[in-house]
Amino acid sequence: MLFPILSFAQESGIKFEHSLNWSQIKEKAKKENKHIFVDCFTTWCGPCKYMSNNVFPQAKVGDFFNANFINVKIQMDQTENDNEEIKTWYAEAGRFEKEYNVRAYPTFLIFDPNGLLVHRIVGGGEAEEFIAKAKEGLDPSTQYYPLLSKFKAKPDDVQTAHKLAIAAENAYDKETLKKTQIVILNSLPEQELFQKENAEMLLKSVTTSDSKFYPLIKNNIGKIDAILGKGSANNVISTVLMNELVIPLVKENQNINLDELQQQLSKSNPEADMTDKFIRFKPQFYFSKKDWPAFRDAVNTYINTSHVTADQLNSFAWTIFENCEDKACIESALAWSKKSLEEDENAAYLDTYANLLYKKGNKNEAIISQEKAVAAADDDSKAELQSNLDKMRKGEPTW
């Protein structure tokens, strides 16, 4: 009695084509007068898996995409577990990557019924939002590539710039987005720049100090913060200073004293508060220097002053496990790892915690935690975690 229910559930989402090559897919699209929707994904991409497991199977998503598109999935990476169908697409996946500049995942490409690329969406989204983005790929007035061609032909066309700004942001085309924002902002009188929507665009458009609008932000911090919230203007200014004055100096001199540099910047640029930027930068800086006690202190400061995700905590803790023998470092890493487990007791976090306990010398506690990790692991990672558990039981190092 379950079979009809399961069958209905499987058919309610997007129906992706199988056993057809790209030429055959284009022929089918032309015959049925449908656009082609291509999901360019990788096996390691978390957002790709989320879309496949949570968004594509929904009935309303399936209804829309099946009615309007011939739907295709292309795996962009290669693994030892690939079946024959995936292997037949290896060459096509390579062509898509080069010809259509697929660099981030997931990337969704939309072709018209004649096989011409007309739209691009980078990154996933929930069902309603994603359907809305796909609808823009069906409408010539909102399609990314036609708008891009139109904008290149008339780069001062404000109306086209407005439409392309939306499409470029969805396509993760930062360079084009910045160009459209500048065209739009240049068309506005100064008083209108401080309206909420325009002020948001103003901040997004400024990435360097030589931008025409950088002095405008620098000289109107209070006004902008009143519109967009405290710290909004400072975030842009401090990011520019970090990119132009801090990172180049660090690349030239790995022994630079960051505290002294921060003091110098506060004197030369009193309008900017660089505190948060330095707090976030220091863990990366000391990681590159392999100065693990300093890395530990920098991470502790970061955790105590900022919102840190469970993934970040786990990553910090694993870095100490792999690189540091210092007892104080291991104690700190254990605290970070324990905090990550308070949010999610998944296999990876449990594995990190168990390995740190083991490295500290708490063998029995480590084995208990590693047993939990193995029990919680999926098929892809279970063998590796079991191997660590076996080493712990034998008293062999896991690092």
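**Close-up views of a predicted model**

**View 1. Pro106 sits in the loop between α6 (90-99) and β3 (107-111).** The model shown here and in the other views is predicted. The peptide bond that leads from Tyr105 to Pro106 is cis. Its omega is near -5 degrees. Most peptide bonds are trans.

**View 2. Asn33 has a positive phi.** The value is near 55 degrees, in a residue other than glycine. Most residues other than glycine have a negative phi. Asn33 belongs to the loop between α2 (22-32) and β1 (35-41).

**View 3. Helix α8 packs on helix α9.** Two packed helices are described by the angle between their axes and the distance between the axes. Here α8 covers residues 144-153 and α9 covers residues 158-170. The angle is about 140 degrees, and the axes are 9 Å apart. An angle must be over 145 degrees to count as roughly antiparallel, so α8 and α9 are oblique to each other. The crossing of α8 and α9 is left-handed. From α8, the contact takes Tyr144, Leu147, Leu148, Lys150 and Phe151. From α9 come Thr160, Ala161, Lys163, Leu164, Ala167 and Ala168. By class, the contact of α8 with α9 holds 8 nonpolar, 1 polar and 2 charged residues.

**View 4. Helix α10 packs on helix α11.** Helix α10 runs over residues 174-186, helix α11 over residues 196-205. Their axes lie 9 Å apart at an angle of about 135 degrees. The two helices α10 and α11 are therefore oblique to each other. α10 crosses α11 in the left-handed sense. Lys178, Gln181, Ile184 and Leu185 of α10 make the contact with Asn198, Met201, Leu202, Lys204 and Ser205 of α11. The contact of α10 with α11 divides into 4 nonpolar, 3 polar and 2 charged residues.

**View 5. Helices α19 and α20 cross at roughly 155 degrees.** Helix α19 spans residues 327-343, and helix α20 spans residues 347-360. Their axes come within 9 Å. The angle makes α19 roughly antiparallel to α20. This crossing of α19 and α20 is left-handed. On the α19 side, the contact is made by Ile330, Glu331, Ala333, Leu334, Ser337, Lys338, Ser340 and Leu341. On the α20 side are Tyr349, Leu350, Thr352, Tyr353, Leu356, Leu357, Lys359 and Lys360. The contact of α19 with α20 counts 9 nonpolar, 3 polar and 4 charged residues.

**View 6. The largest pocket holds about 360 Å³ of space.** Rolling a probe the size of a water molecule over the atoms shows where empty space is left. This pocket is lined by 15 residues. Those closest to its centre are Ala347, Ala348, Asp351, Ser381 and Leu385. Helix α20 provides the largest share, 5 residues. By class, the lining has 5 nonpolar, 6 polar and 4 charged residues.

Terms used:
Residues numbered from 1 in each chain as written. Predicted model: local features only at pLDDT ≥ 70, side-chain atom pairs only at ≥ 80, totals over all residues. Heavy atoms only, no water. Axes fitted to C-alpha atoms, helices over the stretch in contact; angles between N-to-C directions. Helix = DSSP H or I, 4+ residues; strand = E, 2+ residues; numbered from the N terminus. Parallel < 35°, antiparallel > 145°, perpendicular 65-115°, else oblique. Left-handed = near helix turned anticlockwise from the far one by under 90°. Contact = heavy atoms within 4.5 Å. Nonpolar A, V, L, I, M, F, W, Y, C, P; charged D, E, K, R; others polar. 1 Å grid on protein atoms, 1.4 Å probe; cavity = no way out; pocket = protein on both sides within 12 Å on 5 of 7 lines; lining within 4 Å. Points joined across faces, edges and corners; volume = space filled by probe spheres on them.
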